[in-house]
Amino acid sequence: MKRIVEFLNENPVQTLATVSLDGKAKARPFMFMAEKDGKLWFCTNNQKDVYKEMQKNPSVAVSVSNEKYEYLRLTGDAVFENNMEVKEICIENPIVKGQYERATNPIFEVFYIANPKATIADFSGNPPYEAKF
């Protein structure tokens, strides 16, 4: 888990892919927020399509690469939880604070990736690192 969290923190803009409301793949920039209690947390707005997409089909994929041509692939199911402790952690991020102002904002949602599977690999041909959760 530590290596996955480090990779996400070192590469702050990831891509989150969902199944869109029309059944097609949809990807957009996203940011990892924190690891808390062994869970990888993200946040969003319950007025956005991405929230509605994850409500309908929670299967998600997160992908990010770095300048060394290493990449992380994380898959699992989005689980929304009204976790005020995590919301308080997320709202410390200036980008999040600028959008939601406070952790109690009714449109502010947090979710974690359940049943995660993560791989860090590169283009060297060496075996990938498979995370154990």
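**Stop one: an exposed helix residue**

Select Lys56, which is found in helix H2 (residues 49–56). Helices (H or I, at least four residues) and strands (E, at least two) are DSSP runs, numbered from the N terminus. This is a predicted model: local features need pLDDT of at least 70, side-chain atom pairs count only at pLDDT 80 or more, and totals for chains, interfaces and linings use all residues. Residues are numbered from 1 along each chain as its sequence is written, and side-chain values use heavy atoms, with hydrogens and water left out.

Is Lys56 buried or exposed? Lys56 counts as exposed, at 61% relative accessibility. Buried means under 20% relative accessible area, exposed over 50%, partly exposed in between (1.4 Å probe, protein chains only).

Lys56 and Gly98 are 28 Å apart in space, C-alpha to C-alpha, and 42 residues apart in sequence.

**Stop two: helix H3**

Select residues 84–91, helix H3. Its buried residues are Val86, Lys87, Cys90 and Ile91. They lie on the same side of H3, because they cover an arc of only 135° around the axis. That arc is taken from the directions from the helix axis to the C-beta atoms. An α-helix has 3.6 residues a turn, so residues three or four places apart point the same way.

What do the buried residues of H3 pack against? Show strand E3 (34–36), E4, H4 and E7. Contact here means heavy atoms within 4.5 Å.

Next, go to the start of H3. A side-chain oxygen of Asn83 reaches to within 3.1 Å of the backbone nitrogen of Glu85.

**Stop three: two positive phi values**

Select Glu101, in the loop between H4 and strand E7 (108–121). Its phi is near 65°, a positive value in a residue other than glycine. Glu101 is exposed, with a relative accessible area of 55%.

Move to Asn115, in strand E7. Phi of Asn115 is near 50°, again positive in a residue other than glycine. Asn115 counts as exposed, at 59% relative accessibility.

**Stop four: H4, E2 and E4 at the pocket**

Show strand E2 (25–30), strand E4 (39–45) and helix H4 (94–100) together. Each supplies at least two residues of the lining of the largest pocket. H4 gives the most, with four residues.

How values were computed
Polar contact = N/O pair within 3.5 Å; in protein donor to acceptor, adjacent residues only side chain to side chain.
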